[in-house]
Amino acid sequence: MLLGALFATTSHAESALDYFTDQHGRYAGPSLEQQVALMDTDHNGYADVFEVRAYLEKQNGKGYEKALLDKWESAASGKSCSTPFAKQLYSDSTR
């Protein structure tokens, strides 16, 4: 919500980059730690791909970057591997 709230107040800013930099051109926006904390809904200290997807969709609408995020989730679930010989290692053995 921090980023959303910040962007909501930037109606006169030329861009997000302008908004998040100070008069000396240094970044003055939220830290990476603050951004990850916004995504970390289970409060375990990191934002997994599922939390990142939920956050991005909350900010940008359902279906945002669907193909890319589907691929990320598939990889995170261990159901995707680009190496053909390793497919048996990543298959769902509960079927």
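I looked up D70 to begin with and found it partly exposed, with a relative accessible area of 29% (buried means under 20% relative accessible area, exposed over 50%, partly exposed in between, with a 1.4 Å probe and protein chains only). I note that this is a predicted model, in which local features need pLDDT of at least 70 and side-chain atom pairs count only at pLDDT 80 or more, while totals for chains, interfaces and linings use all residues. Residues are numbered from 1 along each chain as its sequence is written, and side-chain values use heavy atoms, with hydrogens and water left out.

Which residue forms a salt bridge with D70 at 2.8 Å between the closest N and O atoms? I found R53 there, taking a salt bridge as a side-chain nitrogen of Lys or Arg within 4 Å of a carboxyl oxygen of Asp or Glu. R53 lies in helix 4 and D70 in helix 5 (residues 66-76), so the pair ties together parts that are 17 residues apart in sequence; helices are DSSP runs of H or I of at least four residues, numbered from the N terminus. R53 itself is buried, at 9% relative accessible area.

I then followed R53 to E73, where a salt bridge has its closest N and O atoms 3.4 Å apart. This pair also links distant parts of the chain, with E73 in helix 5 and R53 in helix 4, 20 residues apart.

Back at D70, I found its side chain meeting that of K66 in a salt bridge of 2.6 Å, N to O. K66 and D70 are four residues apart in helix 5 and therefore separated by about one helical turn; K66 counts as partly exposed at 47% relative accessibility. Salt bridges that share partners join R53, E57, K62, K66, D70 and E73 into one network, and my search of the whole structure gives six salt bridges.

Last, I went over helix 4 (residues 49-60), whose twelve residues reach 16 Å from first C-alpha to last, close to the 16 Å expected at 1.5 Å a residue, the expected span being 1.5 Å times one less than the number of residues. Its buried residues include V52, R53 and E57. D48 caps the N-terminal end of helix 4, with a side-chain oxygen 2.9 Å from the backbone nitrogen of F50, and G61, whose phi is positive, near 105°, follows the helix.

Technical notes. Helix = DSSP H or I, 4+ residues; strand = E, 2+ residues; numbered from the N terminus. Polar contact = N/O pair within 3.5 Å; in protein donor to acceptor, adjacent residues only side chain to side chain.
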